[in-house]
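Hi everyone, thanks for making time today.

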Amino acid sequence: MTILSKIYTTQGRLNRLAYLKYMLILALVAGLSVFVMSSMATFLTGDPNGALVKMITLIWAVAAGAGNFMLMIRRLHDLGRSGWFSIIAVVPVVGTIFSIYLFCAAGQVGRNKYDA
């Protein structure tokens, strides 16, 4: 199983440590990728605010955002909650508090209805 198949799935559960690990990996890979690709696009076009740079940044932001939501869904499954609660993350202040909760809350002990 590759790292991408571990991040881009909504099946199963994800404990706090694995959630933190995958979120860090996703952030690092997305951040470095955007930096490298945007730098290359700026070098090629000479315009740091050009359409190519913006398009690359948007594509990587969507890919990282999708991975983020999929990790949240699996973390919520570990807490015994539906993945639909991940929508809370887009609410400005509440989303930040919700994200901190996902990092701190202990998962359900034993099996629950989201076990693979």
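Let's start with tyrosine 19, which has a relative accessibility of 1%. Buried means under 20%, so tyrosine 19 counts as buried. Do keep in mind that this is a predicted model.

Now, how many aromatic pairs does a search of the whole structure find? The search finds one. Tyrosine 19 and phenylalanine 103 form this pair, with 4.9 Å centre to centre and 50° between the planes, and the pair is tilted. The two partners come from distant parts of the chain: tyrosine 19 sits in helix α2 and phenylalanine 103 in helix α4, 84 residues apart. Phenylalanine 103, for its part, is partly exposed, with a relative accessible area of 33%.

Let's look at helix α2 itself. It covers residues 16-45 and reaches 43 Å from its first C-alpha to its last, close to the expected 44 Å. At its start, a side-chain oxygen of asparagine 15 comes to within 3.3 Å of the backbone nitrogen of leucine 17. Just after α2, glycine 46 has a positive phi of about 80°. The buried residues of α2 include Tyr19, Tyr22, Met23 and Leu26, and the buried residues of this helix pack against α1, α3 and α4.

Definitions and conventions: Residues numbered from 1 in each chain as written. Predicted model: local features only at pLDDT ≥ 70, side-chain atom pairs only at ≥ 80, totals over all residues. Heavy atoms only, no water. Helix = DSSP H or I, 4+ residues; strand = E, 2+ residues; numbered from the N terminus. Expected span 1.5 Å × (residues − 1). Buried < 20%, exposed > 50% of the residue type's maximum accessible area, 1.4 Å probe, protein only. Contact = heavy atoms within 4.5 Å. Polar contact = N/O pair within 3.5 Å; in protein donor to acceptor, adjacent residues only side chain to side chain. Phe/Tyr/Trp six-rings, centres within 6.5 Å; stacked < 30°, edge-to-face > 60°.
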